[in-house]
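These are my notebook entries on a single structure. I record what I looked up and what I found.

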Amino acid sequence: MEQQNQNQSADTEYSRCAVPLNQRKTYFSLTIVWTGFVFVTTSMMAGGGLAAGMDFKHIILATLGGNIFLSIIAVLISIIACKTGLTFALLTRYSFGSSGSKAASIFVPVVNLGWYTIQAATYGHFVAQVFHMGQVGEGLCMAASAIIMGIFAMFGISAITILGYIAIPAIVFLSIATAIRSLGVIGGVDALFSYLPAANMPLFTGITAVIGTWVLSTATCIADIMRYAKDTKTAISATLTGLLGGNILMIVCGAIAAIAMENSDLTVILLGFGLVIPSLILMTTNIFTTNAANLYSTSLNLSNAFKMERKKMLAILLALSALATLTKPYEIGFLFTFLNILGTVVPPLSGIILSDYFLVHKGSYAAYDKARFCKWNPVPWITWAISIALVYMIPFGLPSLNGIILGAAIYTALMAVNKQRAAGSIAEEA
């Protein structure tokens with residue numbers, strides 16, 4: 001027991017316990033971290049992908065529809081995280097069980113590592129293009145980017161907050177400046193709204209792609225940030241600021257720039273304007289803030305899945321990511337495939353977590369240090385598998401919305417039949 005207490009006191013990021021009330025943070029601090037997470041070049045690239053198949057009016061509709069959907073999920077997850085003070089990995093114990101949550105927690109880091117690798121590869125590709133470094137130089141830049149970006153994650157939430165204070169003003173200014181420059185190339189607002197794409201992308205496909213940009217983070221990673229909120233009002237406000245402000249800004253700016261340059265490759269777009277140094281600053285601040293928070297969340301989930309010190313695990317992840325960047329995952333076709341898969345697979349998991357807290361447990365979990373968890377609960381796994389299969393089979397509606405509704409409905413129904421919860425209220429020996 002003494003060793004357990006020593007480990008917990010050394011866990012300054014509260015990866016295995018609830019965040020104490022005296023360590024909670026303000027709206028401004030959380031907004032900086034979350035908005036820095038949301039400000040990312042892949043959202044701008046997604047905007048460029050939308051521009052390849054939609055006119056600007058439909059881009060706006062897809063962006064608004066996708067972000068409203070994301071905001072609903074994010075707000076509900078943030079409320080749970082704020083009230084419990086727990087990471088997403090620890091929250092899954094209430095639905096999946098103590099051992100089941102470890103398996104569920106592995107899914108999030110694997111996908112997060114994919115995101116991290118795409119961002120690092122995009123940045124390395126950009127730097128190599130700026131300095132004309134060739135194929136070998138590009139590979140070295142991508143691998144080095146994956147390693148360097150992990151430094152901030154090593155130092156936890158405080159370092160990420162400081163990074164956000166520095167980076168966010170630059171991101172906002174340069175993103176808006178890029179959009180304004182693009183409008184000048186196009187010929188003004190009227191020309192922007194007159195734009196017609198060469199291909200045709202259905203509105204639901206566009207919305208699903210927008211949802212895919214942040215569905216994983218709004219369903220999982222946001223809990224790791226908003227557990228620090230002083231109250232639910234703070235959590236909700238910070239959440240909405242990041243998504244309805246930050247993510248919409250990134251997607252729309254990316255779309256406008258892509259329309260101007262007739263290319264959805266962000267690297268080509270930025271270099272095409274001839275503003276090398278501002279573009280380098282934008283890419284650096286943009287990707288570093290997101291990837292630092294991304295890897296931080298990944299390390300918290302792995303702390304639940306493996307009994308390994310967080311920084312040692314981070315070192316392994318950085319090495320794997322550096323190698324994975326060599327597959328060139330920055331290419332737009334790869335990105336859109338990745339986003340659409342996420343937009344289909346992750347929402348049922350959100351439905352399960354939301355259903356377990358708000359419906360099965362009636363909006364209140366037993367305190368983590370006093371809860372007793374079963375080892376495995378098969379119900380969420382059965383629910384997740386059935387929901388994904390049905391999402392691919394149902395020929396109508398929005399896949400992401402179908403997924404979250406199916407996940408919540410099936411889980412609630414099966415738990416009503418099962419009548420056995422994964423968590424009780426008696427303290428469990430560690």
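I looked up Leu-300 and found it in helix H15 (residues 276-305); helices are DSSP runs of H or I with at least four residues, strands are runs of E with at least two, and both are numbered from the N terminus. The model is predicted, so I noted that local features need pLDDT of at least 70 and side-chain atom pairs pLDDT 80 or more, while totals for chains, interfaces and linings use all residues. Residues are numbered from 1 along each chain as its sequence is written, and side-chain values use heavy atoms, with hydrogens and water left out.

Is Leu-300 buried or exposed? I found that Leu-300 is buried, because its relative accessible area is 0%; buried means under 20%, exposed over 50%, and partly exposed in between, with a 1.4 Å probe and protein chains only. Leaving aside residues up to four places away in sequence, Leu-300 touches Glu-13, Ser-15, Thr-87, Ala-89, Asp-224 and Arg-227, where contact means heavy atoms within 4.5 Å. I also noted that 26 Å separates the C-alpha atoms of Leu-300 and Phe-69, which lie 231 residues apart along the chain.

Next I turned to Asp-369, in the loop between helix H18 (347-360) and strand E1 (372-373). Asp-369 is exposed, with a relative accessible area of 60%. Its C-alpha atom is 29 Å from that of Pro-347, 22 residues away along the chain.

I then examined a helix pair. Helix H7 (residues 98-130) packs against helix H12 (residues 203-226) at an angle of about 140 degrees, and their axes are 11 Å apart. Axes are lines fitted to C-alpha atoms, for helices over the stretch in contact, and angles run from 0 to 180 degrees between N-to-C directions. Which residues of H7 meet H12? They are Phe-107, Val-108, Val-111, Asn-112 and Trp-115, and their partners in H12 are Gly-212, Thr-213, Leu-216, Thr-220 and Cys-221.

For helix H20 (residues 399-418), I recorded 20 residues and a reach of 27 Å from first C-alpha to last, close to the 28 Å expected; the expected span is 1.5 Å times one less than the number of residues. Among the buried residues of H20 are Ile-404, Leu-406, Ile-410 and Met-415. Lys-419 follows H20 and has a positive phi, near 55 degrees.

Lastly, I searched the whole structure for disulfides and found 0; a disulfide is a pair of cysteine sulfur atoms within 2.5 Å. Cys-141 is buried at 14% relative accessible area, whereas Cys-374 is partly exposed at 23%.
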